[in-house]
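Colleague: I would like a close look at a single part of this protein, with some account of what surrounds that part. Please go through it step by step.

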Amino acid sequence: MRKIFFHAGALALALFLTGCSGGDVITATKPLEPLSEVSSSAVELYPSEFPSALEELPTDPPAPPREVSSQAGSEPEPSFAGASSEQPEESASSEAPSSVEAPAPSSETPSSPETPPQEASHPFEVTDPDGSFIVVPQEPGNQQSASQSGAPAEPAKEDAADPDRYDELQAQAPVSTVSVPNEVRAVWISYLDFYTLAQNKSRSQFSANIDEAFANISDYGLNTVFLQVRPFGDAMYRSDYFPWSYVLTGTEGEDPGYDPLEIMVSKAKEYGLRTEAWINPYRVRAIGSSRTLSASNPAVKALNAGKDTAIAWQGGLFYNPASETARDLITDGVVELVENYAIDGVHFDDYFYPTTDLSFDAAYYNAYVKAGGTLSQAEWRRRNVDLLIRQVYTAIKQADSSVIFGISPQARMDNNYNGQFIDVKGWINRSGYVDYICPQIYFGFQNQTVPYASSLAEWDAMTENSGVQLYVGLAVYKCGAIDQWAGAGQNEWVNENDLLQRMVSSARNSAKYGGFALYRYDSIFHPESGVKKRVEQEKEHLSSIL
């Protein structure tokens, strides 16, 4: 009954919206500069800004773009179920498994202390095991991207885009009874961490691994875990909507024989840790991947049935942000988590639209215009995401008003607005979208393009007069690494050993400061040998202010 009521409310809502000194030196990759909006004829793939809570990791050294056929109807995979696949193999860094489809990370090993620093693959700057965004290197200020192309299927008639009747949301935001610590001290536990913690583990083995991980987190003085329970339109828990994650057994849809999230929530309570369910809302399979998807996967079933719920794109598969059916499915999955598990929050990361190429969803946009819509395609994309965020927030508060909802966008606002097509400032300035915002400020103080202090000041100004709390996401993975695209500040993460402490201290002066988050678990507690000494020094300094 609740679901029927909610879907009716969600439909009504839609109508309201308008148009680090010892050890070897390892090199880290700088994000690309923001891209300007592109025409529908352009073929660009907007890159990941960082190896972040989104996990779409760039290659280091970067690989050239793949040439892909642009002919309409040339999508090579009419059906995703049963497609050929191989298990991810360990990369040279041993941190992130690589995909057979992905550009291979550097096989060079870190240099010894006696040899000059060389460019080697940083553990968190290799390609996502599912072969994600291809990144082309560039100097600060340049604008360049990988070439991509493709043609989506025609939109299903039963779910065509609505005309532009949206206006600013007038409905009163649901009552929120959120209660959080004075300072949230979080760590992201990503699906990359779960390869070690969970893959092919028995219940007792997984429970022991989580017990050790949560003991490490609690003993260090942290109080919150962001658990990536849906990295690829799947589930690290028993779901009525999504298949079991391949991260657990190597095969999507295969029951591991226990509920990992149930164990994690229980263990977290034992250690006094808050838990937030971390979700990638749209991604089902990354661009360039050949990983097999389960025949029961709702995106696969929708694609094979010719429905508009999902879009196949360059080997990847994504839920269609313009589809009401997709929004309802994503929202139902969130409500399922809130109702079935004693979580404290729901956390989205920074991956929304997978590409700036406007042909990705041109067919659906054209249907929207034909029905009377007046927004530009970029504005229409942002409103599609707005609808989802508002709908998810409302659903969470209706299910349990004490559960918090937050998003971790990229630090650069132009990247968010014109690359991910998300209106972060709008979410902050309007009630009923998010409880907190956690920008991934992965820059050093000496970064020549975007210094940490400047980025923090921008986010402080953006949130100071809002009802939204500001958390800062920090890049533990950069400790001990050369940040080669930071210009004059490229050696900062190598030479300094108290950056995290100084970053948290600076953030605490922000008007709406609510905490910080560290990316990611293995970076903190199981760093590579080449940067281990620097990470331990950073941890020691940070712990002095916790």
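Modeller: Of the 546 residues in the protein, 65% are buried, where buried means under 20% relative accessible area, exposed over 50%, and partly exposed in between, with a 1.4 Å probe and protein chains only. This is a predicted model, in which local features need pLDDT of at least 70 and side-chain atom pairs count only at pLDDT 80 or more, while totals for chains, interfaces and linings use all residues. Residues are numbered from 1 along each chain as its sequence is written, and side-chain values use heavy atoms, with hydrogens and water left out.

The protein has 16 helices and 17 strands; these are DSSP runs numbered from the N terminus, helices being H or I of at least four residues and strands E of at least two. The part to look at is strand β15, residues 469-475. Six of its seven residues are buried, so β15 is largely enclosed by the rest of the structure.

β15 belongs to a barrel that eight strands close in the order β6-β7-β8-β12-β13-β14-β15-β17, with parallel pairing. Two strands pair if DSSP finds at least two bridges between them. On one side, β15 pairs with β17 (residues 513-519) in the parallel sense over six bridges. Within that pairing, glycine 473 has alanine 517 of β17 as its bridge partner, and alanine 475 has tyrosine 519.

β14 also pairs with β15 in the parallel sense, over two bridges. Here isoleucine 437 stands opposite leucine 470 of β15. Between these two strands the chain passes through helix α12, and the β-α-β crossover is right-handed: with the strands pointing away from the viewer, the path from the first strand over the helix to the second runs clockwise.

Leaving aside residues up to four places away in sequence, phenylalanine 348 is in contact (heavy atoms within 4.5 Å) with residues including Ile279, Pro281, Leu388, Val392 and Phe405.
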